[in-house]
Amino acid sequence: MGPCFRRDDTGGTWARDKTQTATMTATLRLTVNGKSHDVSAAADTPLIYALRNDLELNSPKFGCGLGECGACTVIMDGVAARSCVIPVSGCIGREIVTLEGLGSRERTDPVQRAFIEEQAAQCGYCLNGMIMTAKALLMRNAHPSETEILEALRYNLCRCGAHLEIVRAVMRAASPERAAS
Amino acid sequence: MTGSLRIVRPVAGGDETFIEIREDGAIVAYNGHVDLGTGIGTALIQIVAEELDVGFARVRIVLGDTAHTPNQGATIASETIQITAVPLRKAAAQARHFLVARAAAKLELPVEQLTISDGLIRGNDNRSVSYGELIAGETIRLELADDVTVKAVDSYRMVGQSQPRIDLPAKATGELVYVHDMRVPGMLHGRVIRPPYAGVDAGDFIGNSLIAVDEASIAHIPGIVAVVTIGDFVGVVAEREENAVKAAEQLKVSWKPTPSIPDLTDIETALRANPGTPRVLLDKGDVDRAIEDAAKPIKRTYLWPYHMHASIGPSCALADVRPEGVRVWSGTQNPHLLRVDLSFLLGLPESDIDLIRMEAAGCYGRNCADDVTADAVLLSRAVGGPVRVQLTREQEHAWEPKGAAQLMDVNGGLDADGNVAAYDFATRYPSNGAPTLALILTGMIPPVPQISEMGDRTAIPPYDYDHMRVVAHDMPPIVRAAWLRGVSALPNTFAHESYIDELAAEAKADPVEYRLRYLRDPRAIDLVKAVAARGNWTPRPEWKQPESDGDIVRGRGFAYALYVHSKFPGYGAAWSAWIADVAVNKATGDVAVTRVIAGQDSGLMINPDGVRHQIHGNVIQSVSRTLKEEVTFDRAGVTSREWGAYPIITFPELPSIDVLMLPRNDQPPLGVGESASVPSAAAIANAIFDATGVRFRELPFTPERIKAGLQAAGVTPPSLPPPSPQPQSVMTRPRAWALPSLATLGAVACAATAMLWPWRAEIAPIATPDPSTYSAATIARGAELAALGDCAVCHTGPSGIVNAGGRALETPFGIVYATNITPDRETGIGAWSYPAFERAMRHGIHRDGKHLYPAFPYNHFTRTSDADLQALYAYLMVQTPARAQGPETKLAFPFNMRTLMAGWNAMFLTTGAMTSDPAKSAEWNRGAYLVESLGHCGACHSPRNALGAERTGSAHLAGGFAEDWEAPALTALSQAPIPWSENELYNYLRTGTSRYHGVAAGPMAPVVRELTNLPDSDIRAMATYLASMNKVTGATEEHALATRLETLTLDRTLTRGMAGERIFEGACAVCHAVGGPELFGTRPSLALNTNVHSATPDNLIQVILHGIDKPVTSDLGYMPAFKGSLNDRQVADLVAYTRRQFAPDKAAWSDVEAAVARLRGGKVH
């Protein structure tokens, strides 16, 4: 069998099928990193795709699509949110912050800085989720204990084994003088 | 063109460049290996900057790009520092020598009188010249010489100093562009659909199992550009990523039945049955004789399961295949060889393909078979433009080539003096040369098993036994496998280092001292001694029962390895030794690795912090592999398809790690990417032995394995049978609409006949009323009533046009289609007069006289007041008419005889509006009216009799079934562990969630959503009425009960090791564990959830399979569907665990797996 492919005559866009309401494209307004963005997507589009593909914010990483690993974490209305399992329709009117919104290389957020100073990553694919989850933790608990940090990160998976550096980074971010000692 | 100095190696087709220094002073270093997330790029820059005497920031490194870097093979075997950095270092040194010589000539000074600082060569007379100035506009090409003098180690300033990694600032700010983040103009999104033989890549069915692809099945998804099929390769391309995802999920693909693979639940049998060719690696002394003469022969078998690389990022690639050339952005570990594969796949010369290596998620060997790059190439070729492809989590888990299982047999024993008599070692390792998947799926290469010689890594133990034989049985793969960190060295060392511990125990010798008797390598001896000293190792020549702390016993184990890798006999990377401390819970079988002392001799360390981080990573990953990891299979292939079924270590399980790095600056640098993981499993097994006196020879050391082993050894008493939960009247699944018997049908017929005339007259059509007839207040009131009655929930069909009908309602009598109730004259109710409407609502008669079926709950609607019916009529008649003729309801005989409904009505219908109960409050009466009339709660929440009529009396609202969901009892018969109070009923009906009960899902979610149109007073009234049927519970009592129930769930003793526990922990606990992390959305507490305590598992299964994608409000959060990630068995295991853990007083459900299969095809709400 050879490759078979087709492209329809309208340049690849299929006529909208009225029977599938979920696939109908709508314009949705998202507030991300303090700015408003209009995104044309179906209402059930997972937030991660709108952030990555429409807003070109690369930090949320697709890891599982099931909310299990945490790589896609953003902060929404002040709490950690797994952007792979939340449709854009559920994000309208909410304040979304991504890793890019925390800071840049030139102006890092204290949590980002602590992660860099502790060299708290290897491949770094999970790093977005680690920093965003840590940031959300520190927003509600400025001085977490080590146990609280371990529990807050329990459902963020890292495969390279950068865990110890990550925990040190969160402790440093929470209490710079303590980490230095 | 600007001037440059390049150090090159000529190869066929041109030069390979190692170092390039440009006239502006910029330095670029090229290495054929890639950075797999280890920070190797930083270390390579240190080496180059050191040899060139320039600042770290001046050097840029290019890794693995086929157009620019030398071909140095796959990035494997911890070889980068040890092997591929060698020519790079020499090239840098050669460049420096050349430039210094030039400077000497230019400055007319002898070389001895020159110093270099950051690329500036200065004479002792203070005149200076920079590297750039020495090159100026010239193009200088030097061939890499062999005999280059490199710097003396004692003159190093940069190598050997810890250097922060170059990549982390960009990674920590989201600025680093991984291959996953690469995008180019016009880029489309592809997804692949893999065959059902998950993770199998050999067998004659491969490449020819596809029967058909039904493209019409995804015609409704916008922006589909292509469906590509070649052999068993299937892919879709769409304009938007989420649509490619959807298309891949929904595309109907039919496959031939898949042949069975060997039973991999019994790996030992499978490996013994797999035909192997013995290859003798070592035969020393007279092994057979020595075993025969042994005073104490000891024969042991050690078993290693299939592991996953388990990369956090599913593979991703971007390809742009065009007639003028091919560009590929890839995360491969093996760029040059992958280019050979792509060239074969496309039928193009390699020179037409530019493979750009981008950073990817850590892969630990997986990306040696970077399947996704070939997938992207095929899809890009089909559409003629750039296509990005990412695998799903399920595909990554199922299809990544696994770390192979391994079986190690050791025969040997002790002589009379307690010395090792002989060591006869045989290892079986199914091969791991996974070919790029697209090549076999498309039939480009035959799917024949390739046998490779990979089981021999570190197969020869590090001990100098007098009589020793080592045999590797080379054998074909059973499932797809590839290199995984440590390859066969980890399993082989597990056997070597467990066995010597067993011998030491038998010989009543301290295990460290016993090892030292047989070690000859001075660096090994130094390391073993240093690690023992670091850990204050106390000799333990004889096993002693440790002090226990309740159920916890503690122990410590030792293991050592020199990781010998590459083609046999290979060579060593870093030396590694471990002390592992464990705590074993004898009651549950839990093993915690509490501390690891990891000692390492890596020779010269380029970047000591980088080495330390590699040791940390190796320790953590290998503890995870040892304690938790095992790929599961059924007879079709891999069944671990998400993190619940393949759990890896989590933060609270981390050991503390004490790294001891021996200073060996005088020795060449060694690879550190794998060595520290090699002693892991044996050190932990030896520690468990030290704690319990029981030897475990098969990984992983899961609670169930440890508990079973301790029980078999008599250390732990046998498990008591589970406490028999309170017997409970387990209802058989009540059906909302049970099939009637002939006799009952007869009764209906008789009742119909008894009525003089079961046919009713048509009521004449009227002109559609003028909307201005109705007041705004009436219409508004009608809108509330329509919401209360959920009109739109049933009467809105697939068109999405509100109330235009067409929705299929399944009943055991057949499918009843909801009708159009918009005021369209032809297809809706535009020609209906109020009397016609009222007759339908009160008597179930269509305007034309036909009987309606009681799927339309007129038995409730009949109780509505006249005023409310009029308001509802007004509201419906002023809506926008929609012309839509839905499918006609056609039930099979005898239910197609609508006249029978006259009999049904005679038997079961009591018409007329409700009367109030003067003994009750006005609020209660209001609630009763709302619930029993338009609210029609009983339509779902009351059980039905054989004729589909709601049962009354004590059965009223006692629980029913609707749309394959259980509608729980609303009365005191509720299974909710905390009785429903008025407040919680109010919270639930108002917000869709109750702290003490859970969230509205399934068919209840749209009901609550409709109720948002009702005023608070009505919701409160309904809550008052419904609460009156339940035991009165106060807020304090609710809170206390909830706390007690949730606290109970923290005790895992009874459920530890249940198959579903792992899945729960990996897939569910993130949102459902009591006290878990704060996340967007609610955190429904399963201990309090009615569905978990119900007599039937249906609702629990429904939400697991189909998730909650349309909650009442987005504030509640969403739940993903697991139907594509868990099979029926796994869902059943999860359900069984959930029941046992969160409803411990309830009996286990039976036939759960069958229920899962039944509900799998169900509707998503």
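## Basis

This is a predicted model, in which local features need pLDDT of at least 70, side-chain atom pairs count only at pLDDT 80 or more, and totals for chains, interfaces and linings use all residues. Residues are numbered from 1 along each chain as its sequence is written, while chains are lettered from A and ligands numbered from 1 in the order in which they are written.

## Chain A: fold

Chain A holds seven helices and five strands; helices (H or I, at least four residues) and strands (E, at least two) are DSSP runs, numbered from the N terminus. Read from the N terminus, the order of elements in chain A is β-β-α-β-β-β-α-α-α-α-α-α.

Of the 181 residues in chain A, 57% are buried. A residue is buried if 20 or more other C-beta atoms lie within 10 Å of its own, exposed if 12 or fewer, and partly exposed in between, with C-beta atoms placed from the backbone. Among the contacts in chain A with a separation of 6 or more, 55% join residues 24 or more positions apart; two residues are in contact if their C-beta atoms, placed from the backbone, lie within 7 Å.

## Chain A: domains

Domain 1 (24-102) and domain 2 (110-175) make up the division of chain A, with bounds from an automatic or database domain assignment. Their centres, taken over C-alpha atoms, are 21 Å apart.

In chain A, 15 residues of domain 1 are in contact with 15 residues of domain 2. On the domain 1 side, strand E3 (73-76), strand E4 (79-82) and helix H2 (99-102) of chain A each give two or more residues, and E3(A) gives the most, with three residues. This side of domain 1 of chain A has 10 nonpolar residues, four polar and one charged. Ala, Val, Leu, Ile, Met, Phe, Trp, Tyr, Cys and Pro count as nonpolar, Asp, Glu, Lys and Arg as charged, and the others, Gly among them, as polar.

## Chain B: domains

Chain B is assigned domain 1 (4-172), domain 2 (179-259 + 315-390), domain 3 (406-712), domain 4 (742-917) and domain 5 (1040-1160). Between the centres of domain 3 and domain 4 of chain B, taken over C-alpha atoms, there are 72 Å.

## Contact between the chains

Chain B brings 82 residues to the contact and chain A brings 84 residues. Elements of chain B that each supply at least two residues to its side include helix H4 (168-172), strand E11 (224-230), helix H5 (241-250) and helix H31 (1059-1072). The largest share of that side, eight residues, comes from H15(B). The side of chain B that touches chain A comprises 42 nonpolar, 26 polar and 14 charged residues.
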